[in-house]
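Hi,

Here is the structure I promised to pass on.

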Amino acid sequence: MFALPLDEVVRVHSSSGTTGKPIVVGYSRGDLNTWTELTARVASAAGVHSGDRVQVAFLYSMFTGGWGMHYGIERIGATVFPAGSGNTERHIMMMQDFGTTVLVSTPSYALYMAEVGERMGVDFQKLPLRLGLFGGEPMSDLAKSEIEARLAIKATDNYGLTELMGPGVAGECECGCGLHVAEDHFLLEIVDPETGEPRAPGEEGELVVTTLAKEAFPVLRYRTHDLTRLTTERCECGRTLARMEKVRCRTDDMLIIRGVNVFPSQIEDVLFEIEGIAPHYLIVIDRKHNLDDLEVRIEVEEQVFSDIMADMVEFTSDVANKLQSVVGLKAKVTLVEPGTIERTAGKAKRVLDQREQT
Ligand code: DLL
């Protein structure tokens with residue numbers, strides 16, 4: 001699908017394969033320059049400036065996150081630590097030793113870093129860390145506040161996808177009220193995900209994007225599967241670019257369990273509001289006797305575990321009732337010990353759907 005001969009393509013990346021086989025994309029020299037400009041733009045809107053020490057904890061690989069943000073931050077004149085993802089204790093050590101001021105990662109990895117740091121006895125309030133640029137996966141309002149409180153930083157959301165370039169498509173400014181879109185490079189439309197018909201301004205729908213200046217891999221009316229809405233109301237920061245609301249979910253994130261449409265983000269919202277639940281969970285769906293079975297495994301904090309059976313039963317049934325009132329389904333709630341749900345340094349895997357195999 002390249003629009004230029006291969007010898008003019010100077011970089012290749014691929015998507016994380018959210019919907020199956022990864023999509024391979026190419027960049028010309030001009031595309032790389034544009035990409036750097038646009039990631040510099042989102043980073044500076046978020047509040048990064050020269051003098052900042054920025055620790056990039058995205059994968060440096062075929063994934064666009066690491067390389068994309070790296071060059072933009074360099075262009076601003078800030079100092080980049082290309083730490084990559086994984087080896088979390090080393091990350092924490094780097095934050096302490098280098099006096100990192102800005103962290104760049106997925107929101108789920110930031111929460112994991114908070115956990116590891118707390119275990120290491122680090123007081124994040126005392127570190128110079130002040131800002132986080134997060135992206136690559138949804139960050140609910142509650143997850144955002146939790147990151148802000150535990151890491152003692154301000155968190156901003158950054159959106160993009162490989163097919164358009166990677167990060168740099170849209171990002172939150174310091175006002176934190178939606179993501180400013182690089183409208184001079186991308187034409188955005190919102191359509192009805194079922195029919196493809198345009199939605200009225202301000203209505204929620206699927207984001208469809210046309211690239212305006214890409215050379216090696218231009219796309220026309222590309223369907224992102226991401227649900228959002230656009231606003232052209234002026235932002236307090238003074239930028240006149242349109243803003244998109246944070247993407248809560250994808251059209252194809254939707255799970256259909258016993259005929260009920262369920263978005264993992266709805267489950268997350270319920271869990272994050274309950275005291276004593278750690279921000280790590282796994283949704284397991286199975287099919288038993290031709291019937292879908294929903295289980296939500298959640299990590300709880302030490303103090304929730306009780307020797308009194310009745311207390312534990314009450315806690316789990318309280319969580320199950322809250323889930324049922326929001327999602328409309330009865331879920332089996334399983335409490336698991338802290339640290340037992342698998343952590344990833346990239347995008348979190350929250351759903352295990354075992355129905356296909358049964
Ligand atoms: O995730 C590019 C990226 C990297 C953006 C780092 C921001 C920061 P892909 O791997 O192709 O590209 O995945 C794109 O991830 O269609 C959304 O469903 C989801 N996604 C990306 N950023 C956000 C976000 C990168 N801020 C797919 N909020 C997209 C919600 C997001 N979902």
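First, how the axes work: they are lines fitted to C-alpha atoms, for helices over the stretch in contact, and angles run from 0 to 180 degrees between N-to-C directions. Helices (H or I, at least four residues) and strands (E, at least two) are DSSP runs, numbered from the N terminus. This is a predicted model, with local features needing pLDDT of at least 70 and side-chain atom pairs counted only at pLDDT 80 or more, while totals for chains, interfaces and linings use all residues. Residues are numbered from 1 along each chain as its sequence is written, and side-chain values use heavy atoms, with hydrogens and water left out.

On to the helix pairs. α6 (residues 264–272) packs with α7 (residues 309–327) at about 140°, the axes being 10 Å apart. The two are therefore oblique to each other (under 35 degrees is roughly parallel, over 145 roughly antiparallel, 65 to 115 roughly perpendicular, and the rest oblique). From α6, Q266, I267, V270 and L271 meet V319, K322, L323, V326 and V327 of α7 (contact means heavy atoms within 4.5 Å). By class that contact has seven nonpolar, one polar and one charged residues (Ala, Val, Leu, Ile, Met, Phe, Trp, Tyr, Cys and Pro count as nonpolar, Asp, Glu, Lys and Arg as charged, and the others, Gly among them, as polar).

Next, α1 (residues 29–46) and α2 (residues 64–76) pack at about 75° with axes 7 Å apart, which makes α1 roughly perpendicular to α2. Among the residues in contact are W35 and V42 of α1 and M69 and Y71 of α2. The classes here are eight nonpolar, seven polar and two charged.

For α3 (residues 88–98) and α4, the axes come within 9 Å and cross at roughly 80°, so α3 is roughly perpendicular to α4. T88, E89, H91, I92 and M95 of α3 touch Y109, Y112, M113, V116 and G117 of α4. Those residues divide into six nonpolar, three polar and one charged.

Last, the second largest pocket holds about 380 Å³ of space (on a 1 Å grid over the protein atoms alone, a pocket is an open set of points where a 1.4 Å probe fits, with protein on both sides within 12 Å along at least five of seven lines; lining residues have an atom within 4 Å of a point). It has 21 lining residues, and E118, R150, A278, P279 and E301 are the closest to its centre. β17 gives the largest share of the lining, four residues. By class, the lining has seven nonpolar, four polar and ten charged residues.

Cheers

Technical notes:
Grid points are joined across faces, edges and corners, and a volume is the space filled by probe spheres set on the points.
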